[in-house]
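Here is a structure to look through for the first time.

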2 protein chains.
Amino acid sequence: MNIVDKLIENTIRTKNPTVVGLDPDLSKIPACYKKESAENPFQAVANVIYEFNRDIIDTVADLVPAVKPQMAFYEKYGSCGVAAFEKTVSYAKSKGLVVIEDAKRNDIGNTAKAYADGHLGKVELLDESYAPSIDADFLTVTPFLGSESLKPFIDICVQNQKGIFVLVKTSNISSGEIQDVVCENGLTVSQNIAKYLAEQAEKHMGERGYSAIGAVVGATYPAEAKKLRQFMPKNYFLVPGYGAQGGCAEDIVPCFCQDGLGLIVNSSRGILYTHMTAFERENLTKAEYLHKVKNAVLVMQEQIYNTLKTHYPNMIY
Amino acid sequence: MNIVDKLIENTIRTKNPTVVGLDPDLSKIPACYKKESAENPFQAVANVIYEFNRDIIDTVADLVPAVKPQMAFYEKYGSCGVAAFEKTVSYAKSKGLVVIEDAKRNDIGNTAKAYADGHLGKVELLDESYAPSIDADFLTVTPFLGSESLKPFIDICVQNQKGIFVLVKTSNISSGEIQDVVCENGLTVSQNIAKYLAEQAEKHMGERGYSAIGAVVGATYPAEAKKLRQFMPKNYFLVPGYGAQGGCAEDIVPCFCQDGLGLIVNSSRGILYTHMTAFERENLTKAEYLHKVKNAVLVMQEQIYNTLKTHYPNMIY
């Protein structure tokens with residue numbers, strides 16, 4: 001099954017085009033999770049992260065279609081952190097969630113292929129070929145090295161029914177420095193990447209008319225996002241910047257297609273952390289904390305779903 | 001000590017401005033290293049990689065100033081591979097080598113800071129703050145998200161006497177698609193990044209007049225590289241594309257400064273693999289293989305050193 005179809009099925013079932021970011025930040029995780037242990041201190045943190053993620057996943061598995069673990073917050077703790085990442089991916093998949101690995105990888109030639117193999121493909125070991133130990137469904141990819149650097153990822157996606165989200169227009173303040181520069185053909189750097197991805201989309205279409213060759217398009221630049229949707233009518237979008245970064249439901253409506261599909265909106269801090277005061281972070285029980293998480297997911301679902309229904313009364317869920 | 005000064009000291013001592021890339025590619029590593037073991041198959045590969053790297057490091061430690069492990073070839077094997085990466089970094093440092101981690105990381109805000117902390121900085125664990133378990137000297141960083149995304153890395157470098165090499169002009173064929181686009185101020189995207197890095201260089205200068213806020217500038221575009229040196233007179237360069245990718249010694253001369261310093265040239269495949277026939281890969285002993293590696297390092301040193309001496313007779317080593 002093409003992974004974009006699984007993402008769409010999950011979205012329709014949960015009536016929720018959002019994804020929960022799994023950004024385990026030790027300075028913000030509630031104190032009730034932070035048990036020291038006799039193990040080495042990196043492993044102790046990895047244990048905390050995995051236990052935290054498992055509870056979040058159990059809380060949101062029936063409410064959202066996907067989770068998005070951000071590799072930086074795992075890799076920070078080296079191989080122990082990466083092992084916690086692997087366990088998190090595996091646990092989330094076992095609960096039926098689609099896993100979008102946010103790692104913004106890229107390189108050239110064989111090196112790009114090594115990343116693609118190791119996150120989305122197969123790896124040849126000494127005896128035979130295995131699924132990689134980091135076995136995500138989607139991976140975010142950065143395009144600074146040009147289209148040739150994207151190709152190994154696209155090939156692996158086609159071969160293994162996986163997906164990518166290529167950074168096209170990011171949500172941060174300085175994103176325009178490179179992404180908004182106008183090229184000789186009159187299009188911006190972002191728009192030219194979009195054009196390339198639209199062509200590549202055809203190689204890897206799901207049954208519902210969308211492609212798993214996706215694009216990251218920030219919620220914080222709605223006018224540009226609207227144009228990018230015109231360039232990429234079939235590429236699935238991953239939209240960061242909602243909530244904590246300032247994007248609202250009305251901002252993202254033009255990125256959706258009439259069927260209410262075509263994109264998934266991420267929230268990380270808004271779901272995991274910003275609903276707690278410092279006092280609560282120190283004193284909540286796990287059950288109290290997870291109740292807040294569940295509530296934050298439901299509020300976001302309602303905001304986005306209701307806004308969508310107003311604009312697209314014929315959406316399919 | 002500013003890490004750029006250590007890199008320079010090592011360069012002068014070895015009379016060798018080159019760096020050996022540690023790209024462990026299982027399909028190219030000589031058969032004599034590929035022992036299966038009773039452990040899980042990912043750990044078995046990680047063991048092969050580490051043993052291979054240790055021998056390479058022992059062979060080149062007195063001949064080159066630095067090694068550049070390419071993270072993609074470790075991460076491919078998940079947490080086991082990352083553990084082999086950590087051990088490789090640690091072993092190379094114990095032999096006096098500077099370690100340039102080639103991982104082309106980046107993200108925004110707190111996420112960028114998590115990468116910077118985890119590769120170059122300090123990490124807060126449950127009890128106290130530690131050096132990260134991946135504790136490189138330099139990290140390669142990609143600039144697609146704009147200057148704001150580079151700042152956390154620069155700050156961490158200044159705080160911890162570490163360095164970065166930001167991708168400015170890469171060696172691959174499609175690098176121009178984004179990097180050569182001309183901005184409103186008449187400079188290319190590459191040149192504008194260079195301008196920014198030249199300003200930032202001042203924040204983190206070593207005693208010999210160079211900055212550890214460095215730039216990746218490919219050997220395959222010598223005319224552009226020459227211009228980029230004018231934009232960045234003090235930033236150290238990491239130059240890929242020599243040898244296997246087609247760059248030659250004459251191509252990189254204009255990137256050096258008159259003192260014979262200012263950059264370090266990478267070769268990975270040329271040192272590790274391309275000197276072997278398929279028959280040799282299957283049949284060489286470790287001693288025979290490492291002799292070929294040593295020879296490849298010496299040939300590259302001689303080519304570059306002699307070419308430099310011709311152009312810069314007053315260079316300082």
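Predicted model: local features only at pLDDT ≥ 70, side-chain atom pairs only at ≥ 80, totals over all residues.

Q: What makes the size of chain A agree with that of a compact globule?
A: With 317 residues, a compact globule would have a radius of gyration near 20 Å, and chain A has 19 Å, so the two agree. Along the principal axes, the C-alpha atoms of chain A fill a box of roughly 60 × 55 × 40 Å. Buried residues account for 57% of the 317 residues in this chain.

Q: What is chain A built from, and how far apart in sequence are the residues its contacts join?
A: Chain A has 13 helices and 10 strands. Among its contacts between residues at least 6 apart in sequence, 74% join residues at least 24 apart.

Q: Why is A:G163 called buried?
A: The cut-off for a buried residue is 20 or more other C-beta atoms within 10 Å. A:G163 has 28 of them, so A:G163 is buried. Its place is in strand β7 (residues 163–169) of chain A.

Q: Which residues does A:G163 touch, leaving aside those up to four places away in sequence?
A: A:G163 touches A:I3, A:V4, A:D137, A:F138, A:C157, A:A212 and A:G214. A:G163 and A:S211 are 48 residues apart in sequence, and their C-alpha atoms are 8.4 Å apart in space.

Q: How do you know that B:I264 is buried?
A: B:I264 has 26 C-beta neighbours inside 10 Å. A residue needs 20 or more to count as buried, and therefore B:I264 counts as buried. B:I264 is found in strand β10 (residues 263–267) of chain B. Not counting residues up to four places away in sequence, B:I264 touches B:L7, B:P17, B:T18, B:V19, B:P65, B:A66, B:L238 and B:V239. One of these, B:P65, is 199 residues away along the chain, with 8.9 Å between the C-alpha atoms.

Q: Why is B:K15 called partly exposed?
A: Partly exposed lies between the exposed limit of 12 or fewer neighbours and the buried limit of 20 or more. B:K15 has 17 C-beta neighbours inside 10 Å, so B:K15 counts as partly exposed. B:K15 is in the loop between α1 (3–14) and β1 (18–22) of chain B. Its phi is positive, about 50 degrees, although B:K15 is not a glycine.

Q: Is B:K104 buried or exposed, and what is its phi?
A: B:K104 is buried, because 29 other C-beta atoms lie within 10 Å. Its phi is near 45 degrees, a positive value in a residue other than glycine. B:K104 is found in strand β3 (residues 98–105) of chain B.

Q: What makes α8(A) roughly parallel to α9(A)?
A: Helix α8 (residues 189–201) of chain A and helix α9 (residues 222–231) of chain A pack at an angle of about 30 degrees, with their axes 9 Å apart. Angles under 35 degrees count as roughly parallel, so α8(A) is roughly parallel to α9(A). The contact is made by A:S190, A:Q191, A:A194, A:K195 and A:A198 of α8(A) and by A:E224, A:L228 and A:F231 of α9(A). These residues divide into 4 nonpolar, 2 polar and 2 charged.

Q: How many residues of chain B are in contact with chain A?
A: 55 residues of chain B are in contact with 55 residues of chain A. By class, the side of chain B that touches chain A has 28 nonpolar, 15 polar and 12 charged residues.

Technical notes
Residues numbered from 1 in each chain as written. Chains lettered and ligands numbered in written order. Axes fitted to C-alpha atoms, helices over the stretch in contact; angles between N-to-C directions. Helix = DSSP H or I, 4+ residues; strand = E, 2+ residues; numbered from the N terminus. Parallel < 35°, antiparallel > 145°, perpendicular 65-115°, else oblique. Contact = placed C-beta atoms within 7 Å. Nonpolar A, V, L, I, M, F, W, Y, C, P; charged D, E, K, R; others polar. Rg over C-alpha atoms; globule rule 2.2 N^0.38 Å.
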